[in-house]
Amino acid sequence: MSMTPPLTATTSSRGTPVSPGRNPVVRALSRPELGSVIGAIGIAAFFATQTDQFATSAGIANVLDVTATLGIMAVAVALLLIGGEFDLSAGVLTASTGLVTALLVDQLGVNIWEGIAWSLLFALTVGLLNGILVTRTRLPSFIVTLGTFFALQGINLGVTKQLTDTVQVSGVDEAAGYAGARAVFASSVTVGDGQFRVAILWWIAVTVVATLLLVRTKFGNWIFAAGGSPMSARNVGVPVGRTKILLFMTTATAAWLVGTISVVRLTSVQANVGLGEEFNYIIAAVIGGCLLTGGVGSAIGAAIGALIYGMTQQGIVFAQWDTDWFPLFLGGMLLAAVLINTAVVRRRAEDSPG
Amino acid sequence: MRPDLHPIDDIQAALDSGGDRLPESDVPPHTPLLEVRGLGKRYGGVVALQGISATVNSGEVTCVLGDNGAGKSTLIRILSGVVTHDQGQYLVAGKRVKFSSPRQALDRGIATVFQDLAVVPLMSIWRNFFLGSEPTRGIWPFRRLDIEHAQHVTVAELARFGLDVQDPHQPVGTLSGGERQCVAIARAVYFGARVLIMDEPTASLGVKQAGMVLRHVVQARERGLGVIFITHNPRHAYPVGDRFIMLNRGAMVANVTREDIDLNDLTQLMSGGADLDELSHEVQDQQR
């Protein structure tokens with residue numbers, strides 16, 4: 001076997017389930033979220049030393065406020081990216097779901113929980129449609145969801161104008177059940193002089209559930225396989241199409257959660273919000289270690305990617321730099337992340353072919 | 001000099017060492033694991049395959065040889081359930097079947113290891129091993145992968161095929177081509193395959209790696225599987241084959257056992273003996 005390096009260098013005795021024998025440092029170096037963890041620490045250290053507000057209770061609350069809703073979406077989008085697909089309609093869908101709730105409440109006077117339930121059904125339908133269109137037509141999801149993106153954008157504006165003669169719906173706080181909805185989706189606690197939003201808990205919960213789903217369940221295994229090598233997965237009986245459809249429904253559900261959090265908090269919704277956000281989700285997921293070609297990534301990484309986004313955006317404000325420069329940082333981080341991700345994957349898989 | 005001949009020694013060693021057999025099946029003795037009678041397939045007006053009759057028995061390696069376009073891949077696609085035949089009969093353990101998906105074939109114990117599509121390279125070895133048949137424990141919504149069990153089984157089953165993997169977390173992509181084939185074979189055997197179809201497993205491999213795969217073919221046979229080994233290389237087929245089926249332009253031109261033929265005849269037959277004679281005459285004429 002001169003051409004093949006030895007598989008492992010452990011000396012553990014045979015017969016018992018051996019704990020992974022590779023050097024833990026080597027193992028950590030091949031984790032998809034490694035780059036994002038280092039980046040997050042670096043950025044936090046930078047702004048904490050360069051600005052007065054960053055490392056305060058208020059500063060942290062500000063950063064986490066931006067991070068939480070972005071993070072919920074980034075984690076869901078990461079699952080979809082690992083499964084090998086894109087969803088460009090996710091950003092606009094956060095507006096659509098908010099609008100469904102707000103219009104039902106405003107126009108029909110329904111209980112807000114009823115509005116939220118219909119909104120979830122609407123989101124699941126959009127996700128199902130995206131999934132079926134992509135798996136049946138075998139067209140790139142980039143194109144299919146670009147279509148649903150524009151369609152939803154048109155519906156958001158068209159329907160809202162038709163029904164309210166304006167481009168916003170308000171008065172959500174007058175609905176029955178609003179107090180309960182506010183407690184669940186938009187309450188906050190004040191620590192020091194910082195107001196921490198309940199959305200932060202949603203973000204953490206979504207990240208934990210997504211992580212367990214990815215690494216501890218059968219479905220998680222199928223997500224990696226569907227993105228990593230769909231033909232191989234199909235050959236061993238993995239329902240690749242169904243897996244992808246469920247992933248589109250997952251991003252749609254996340255969009256519903258974010259849309260609901262925002263409509264309950266602001267008590268109104270603009271028909272044109274969410275536009276362009278879809279790229280931020282993808283950027284956060286990629287900064288967190290997701291490969292755009294599928295098969296690699298983690299939910300934790302995407303959550304950290306969102307944190308990096310939030311820290312940079314707020315840090316620039318705290319440092320009193322011109323915020324027009326933020327996209328430049330974002331673009332630079334994205335490119336750096338893509339390069340690091342590609343290098344890590346190469347480490348993982350292509351270093352020692354036989 | 002053709003270096004391809006070296007692996008034969010390895011295979012002989014594997015043969016001598018023997019292996020453990022599967023428990024006896026419930027199929028009556030002398031019923032072939034798999035049989036085809038007058039099998040044929042057309043694509044539009046084009047005959048891709050016709051009149052193929054052959055049997056595959058437990059503990060035998062049936063080699064399917066033929067040049068590109070001879071109909072080998074059509075035959076595999078029918079046997080593995082990717083496409084359905086439109087002529088003749090396909091019997092599994094004596095019962096007629098018509099598969100509409102690879103999953104159905106798999107459920108009847110017919111597993112196919114496709115050359116480049118055996119595994120998902122970026123996933124770990126144990127995740128690949130159990131992909132599509134993951135063991136779980138607990139009750140929904142707390143049902144989760146039984147990771148410890150899966151890793152333990154993966155290491156143990158690969159060890160039975162002589163692959164010493166101590167870290168089942170390693171991505172399959174870090175394994176060599178031959179080792180990846182081994183993972184796919186061990187997986188098929190573990191999940192109860194009775195017939196193993198191997199599509200050109202040695203085609204893109206170097207000599208050592210090819211030898212390794214051939215050794216796994218022999219090990220699968222020793223464990224009582226019927227192996228269908230598709231190749232265009234008679235030097236890979238001859239050392240492991242019990243029976244040789246030769247295809248040419250969609251038709252079966254030979255169906256012989258190992259006793260009936262030696263490597264030279266096989267090579268001759270494979271490359272279309274007459275054509276080869278003619279070719280060497282041409283070359284000699286040119287040289288004069």
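**Figure 1. Pairing of strand E10 of chain B with its neighbours in the predicted model.** In E10(B), Thr231(B) is the bridge partner of Leu65(B). The model shown here and in the other figures is predicted. Strand E3 (residues 61-65) of chain B is joined to E10(B) by five bridges, and the two run parallel. Strand E9 (residues 195-199) of chain B is also joined to E10(B) by five bridges, again in parallel. Within that pairing, Ile230(B) of E10(B) has Asp199(B) standing opposite. Between E9(B) and E10(B) the chain passes through helix H7 (residues 207-222) of chain B, a β-α-β crossover that is right-handed.

**Figure 2. Burial of strand E10 of chain B.** E10(B) covers residues 226-231, and because six of its six residues are buried, the strand is largely enclosed by the rest of the structure. Gly226(B), Ile228(B) and Ile230(B) point one way from the strand. Val227(B), Phe229(B) and Thr231(B) point the other way, and the residues of both sets are all buried.

Figure 3. Ala48(B) is found in strand E2 (residues 46-56) of chain B. Its relative accessible area is 15%, and because buried means under 20%, Ala48(B) counts as buried. Apart from residues up to four places away in sequence, Ala48(B) touches Lys41(B), Arg42(B), Tyr43(B), Gly71(B), Thr74(B) and Gly250(B). One of these contacts, Thr74(B), is 26 residues from Ala48(B) along the chain, with a C-alpha separation of 6.9 Å. For chain B as a whole, the secondary structure comes to ten helices and twelve strands. Of its 288 residues, 52% count as buried. Among contacts in chain B between residues at least 6 apart in sequence, 68% join residues at least 24 apart.

**Figure 4. Packing of helices H5 and H6 of chain A.** Two packed helices are described by the angle between their axes and the distance between the axes. For helix H5 (residues 112-137) and helix H6 (residues 141-164) of chain A, the angle is about 145° and the axes are 9 Å apart. The crossing of H5(A) and H6(A) is right-handed. H5(A) contributes Phe122(A), Val126(A), Asn130(A), Leu133(A), Val134(A) and Thr137(A) to the contact. H6(A) contributes Ser141(A), Val144(A), Thr145(A), Thr148(A) and Leu152(A). By class, the contact of H5(A) with H6(A) has six nonpolar and five polar residues, and no charged ones.

**Figure 5. Thr243 in helix H11 of chain A.** Thr243(A) lies in helix H11 (residues 240-266) of chain A. Thr243(A) is buried, with a relative accessible area of 1%. Leaving out residues up to four places away in sequence, Thr243(A) touches Phe219(A), Trp222(A), Ile223(A), Ala226(A) and Val238(A).

**Figure 6. Ile261 in helix H11 of chain A.** Ile261(A) lies in helix H11 of chain A. Ile261(A) counts as buried, at 3% relative accessibility. Beyond its neighbours within four places in sequence, Ile261(A) is in contact with Thr69(A), Ile72(A), Phe185(A), Ala186(A), Ala199(A) and Trp202(A). Ala186(A) is 75 residues from Ile261(A) in sequence, and their C-alpha atoms are 6.0 Å apart.

Note on methods. Residues are numbered from 1 along each chain as its sequence is written. Chains are lettered from A and ligands numbered from 1 in the order in which they are written. This is a predicted model: local features need pLDDT of at least 70, side-chain atom pairs count only at pLDDT 80 or more; totals for chains, interfaces and linings use all residues. Side-chain values use heavy atoms; hydrogens and water are left out. Buried means under 20% relative accessible area, exposed over 50%, partly exposed in between (1.4 Å probe, protein chains only). Helices (H or I, at least four residues) and strands (E, at least two) are DSSP runs, numbered from the N terminus. Two strands pair if DSSP finds at least two bridges between them. A crossover is right-handed if, with the strands pointing away from the viewer, the path from the first strand over the helix to the second runs clockwise. Axes are lines fitted to C-alpha atoms, for helices over the stretch in contact, and angles run from 0 to 180 degrees between N-to-C directions. A crossing is left-handed if the near helix is turned anticlockwise from the far one by less than a right angle, and right-handed if clockwise. Contact means heavy atoms within 4.5 Å. Ala, Val, Leu, Ile, Met, Phe, Trp, Tyr, Cys and Pro count as nonpolar, Asp, Glu, Lys and Arg as charged, and the others, Gly among them, as polar.
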